[in-house]
Number of protein chains: 2
Amino acid sequence: MEKEYAIGIDIGGTNTVFGIVDHRGDTLYRGAISSRKYEQVEDYIQELYEALQPAIDQVGGIQTIKGIGVGAPNGNYYSGMIEYAPNLIWKGVIPISRLMTEKFSIPAALTNDANAAAVGEMMYGAAKGMKDFIMITLGTGVGSGIVANGHLIYGHDGFAGELGHTMIIPNGRLHQGTGMHGSLESYASATGVAYTAKEFLEQRPEQPSLLRNYPVEEINSKVVYDCAKQGDAMAIEVYEFTGEILGMALANFVMFSSPEAIILFGGMTKAGDLILKPTREHMEKNLLPIFQNKVKLLFSELKESDAAILGASALVWDLKE
Amino acid sequence: MEKEYAIGIDIGGTNTVFGIVDHRGDTLYRGAISSRKYEQVEDYIQELYEALQPAIDQVGGIQTIKGIGVGAPNGNYYSGMIEYAPNLIWKGVIPISRLMTEKFSIPAALTNDANAAAVGEMMYGAAKGMKDFIMITLGTGVGSGIVANGHLIYGHDGFAGELGHTMIIPNGRLHQGTGMHGSLESYASATGVAYTAKEFLEQRPEQPSLLRNYPVEEINSKVVYDCAKQGDAMAIEVYEFTGEILGMALANFVMFSSPEAIILFGGMTKAGDLILKPTREHMEKNLLPIFQNKVKLLFSELKESDAAILGASALVWDLKE
């Protein structure tokens, strides 16, 4: 029987989304489980296995599926292992490809979640036809996938493209997960946005804000978004500050690989112009003239979960029989 | 007659070095002229033409030479033009490939000077056999050439690899040439080192230093080097400060493309461990654990002028007849 389907799995810091994809890139089935519920990765994979069974049966059983493609933070394409991912609950080195193969009895391949999203975007989304672009995922963390000369940059060891951990503000904000100071992720992630909001509230006791209607411990990026949408000045300024940092970082990335476009992806992009405008302004401001007004700053054209599922599933078609 | 030679030309901010290279990478002839003497680029090319004539005659005339490869700051591989190079005296857009071809009557190709050096290093130097490395040139300015998957990253428009202009210190030191604040080049270039020394002298009127034996306007990177070699504490600290900034920058670059090695090249590397030790220390300190103690930080193994000449000449072998 021809193996005409691939499973695509995107492991995020909070949730895992998965789907069954055909050769044309149509996602036939989608599902999601929590990435945080099980401390033992084996238990997590068991739940994933059970969640996928009905869909696998529906497409004609495991024998119709060529393999599993997995996108995960710090997922190493070369080794098939997730290595020391600060935003996942499983610490150390997780041989995820091997565990998947053992559980599902089909081959598995792994890459960085943002690399997977970049491939999805290149095949089916806003980067279709582009040979040089950077994908930035703005979610619980900040990830990235870099395409140059039409190929993902994996680097010497498979770990290229950790732009969320580049340092933007020397001696800046502490990142709880990594212990680093001033990294992009500590500002431009959903976590960073919530942190900035709390910082503003504390630093400016005199400034009124809708954010003050919430107990401090309940302030998250969604609350900031809701308040900004209602015109709250402080919440809007949280996005302006976030865009300033993100824009400075993007300018540095442009001077590295001079991409045709930067594609922003993930939960934070729901904020639309609230985040896009200040980001673009500060990116341009920090670029050498030869780079100015050239780089397209775009939102992903794929549904948030789809790009990563599609990109991860694309790994499968390259698997050896 | 077989065209068995190539001319390699490296245009630096201060000097231009050139040579005639054979297929094996042996440089048969070397020479140099000033890059600053002529405000009109045509006059500069005339002097270059005259300086090369004796060597061209020696190898059997222009008919034995396949073409000219040029490395220059902001040299664009795609267009053959030098575009708005802040460290050259010719402003705007200079169609250097066309001017060379018109003068010498043989084909010419252009790339970024640091890209040329990277190719030279990959073919004949410390990066031999490497597929992923970054070349950083520390001279009058700071340039870079990035190799990933065995190929130079040119980017969408040919301008990739301007790492000297990435911003390391927000609102930091003003770069006179670009008007940008806090870029790597404003600290880690020869110009930056001299500036740091002057800043230290002014900020610490009470601290004795050999640097005080020089009139302020005569302090340059060579003076700082000489004083540091004699054990002068302030001059040594100038290198420590420079290495701190450079190390932070290199950490960011590693998290971008995860290279096997970073090769340092150019006049500043004469300082040896004075610059290498603090750079390595601060690079490691700013890396995520998955990147630590993996990246080789090396000095170029080629003579300063040779890598760029060899790399530039290598462009010629790919030229269409």
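Two residues are in contact here if their C-beta atoms, placed from the backbone, lie within 7 Å. The structure described below is a predicted model, and this idea of contact is used throughout.

**Helices 7 and 8 of chain A**

By that criterion, helix 7 of chain A meets helix 8 of chain A through A:Ile236, A:Tyr239, A:Glu240, A:Thr242, A:Gly243, A:Glu244, A:Leu246, A:Gly247, A:Met248, A:Leu250 and A:Ala251, while helix 8 of chain A contributes A:Leu274, A:Ile275, A:Lys277, A:Pro278, A:Thr279, A:Arg280, A:Glu281, A:His282 and A:Met283. Sorted by class, this contact of helix 7 of chain A with helix 8 of chain A has 10 nonpolar, five polar and five charged residues. Helix 7 covers residues 233-257 of chain A and helix 8 covers residues 273-285 of chain A, and the two pack at an angle of about 40 degrees with their axes 7 Å apart. Helix 7 of chain A and helix 8 of chain A are therefore oblique to each other, and the crossing in which helix 7 of chain A passes helix 8 of chain A is right-handed.

**Chain A as a whole**

Chain A has nine helices and 12 strands. Its radius of gyration is 20 Å, close to the 20 Å that the globule rule gives for 321 residues, so chain A is as compact as a globular protein of that length. Along its principal axes, the C-alpha trace of chain A spans about 65 × 45 × 35 Å.

The domain assignment of chain A gives domain 1, made of 5-119 + 305-317, and domain 2, which covers 129-301. The C-alpha centres of domain 1 of chain A and domain 2 of chain A lie 26 Å apart, and 18 residues of domain 1 of chain A are in contact with 19 residues of domain 2 of chain A. On the side of domain 1 of chain A that touches domain 2 of chain A, the largest share, six residues, comes from helix 3 (residues 113-124) of chain A. The residues of that side of domain 1 of chain A divide into nine nonpolar, eight polar and one charged.

**Where the chains meet**

Between the chains, 36 residues of chain B are in contact with 36 residues of chain A. Helix 7 (residues 233-257) of chain B supplies the largest share of the side of chain B that touches chain A, namely six residues. By class, that side of chain B has 18 nonpolar, 12 polar and six charged residues.

**Helix pairs in chain B**

| Helix pair | Angle | Axes |
|---|---|---|
| Helix 1 (residues 41-58) and helix 2 (residues 96-104) of chain B | about 45 degrees | 11 Å apart |
| Helix 6 (residues 221-229) and helix 7 of chain B | roughly 120 degrees | within 7 Å |

The angle of about 45 degrees makes helix 1 of chain B oblique to helix 2 of chain B, and their crossing is right-handed. In this pair, B:Val41, B:Glu42, B:Ile45 and B:Tyr49 in helix 1 of chain B meet B:Leu99, B:Met100, B:Lys103 and B:Phe104 in helix 2 of chain B, and the residues of the contact divide into six nonpolar, no polar and two charged.

The crossing of helix 6 of chain B and helix 7 of chain B is left-handed. Here B:Val224, B:Cys227 and B:Ala228 in helix 6 of chain B meet B:Ala235, B:Ile236, B:Val238 and B:Tyr239 in helix 7 of chain B, a contact with seven nonpolar, no polar and no charged residues.

Notes:
Residues are numbered from 1 along each chain as its sequence is written. Chains are lettered from A and ligands numbered from 1 in the order in which they are written. This is a predicted model: local features need pLDDT of at least 70, side-chain atom pairs count only at pLDDT 80 or more; totals for chains, interfaces and linings use all residues. Axes are lines fitted to C-alpha atoms, for helices over the stretch in contact, and angles run from 0 to 180 degrees between N-to-C directions. Helices (H or I, at least four residues) and strands (E, at least two) are DSSP runs, numbered from the N terminus. Angles under 35 degrees count as roughly parallel, over 145 as roughly antiparallel, 65 to 115 as roughly perpendicular and the rest as oblique. A crossing is left-handed if the near helix is turned anticlockwise from the far one by less than a right angle, and right-handed if clockwise. Ala, Val, Leu, Ile, Met, Phe, Trp, Tyr, Cys and Pro count as nonpolar, Asp, Glu, Lys and Arg as charged, and the others, Gly among them, as polar. Domain bounds come from an automatic or database domain assignment. The radius of gyration is taken over C-alpha atoms; the globule rule is 2.2 Å times the number of residues to the power 0.38.
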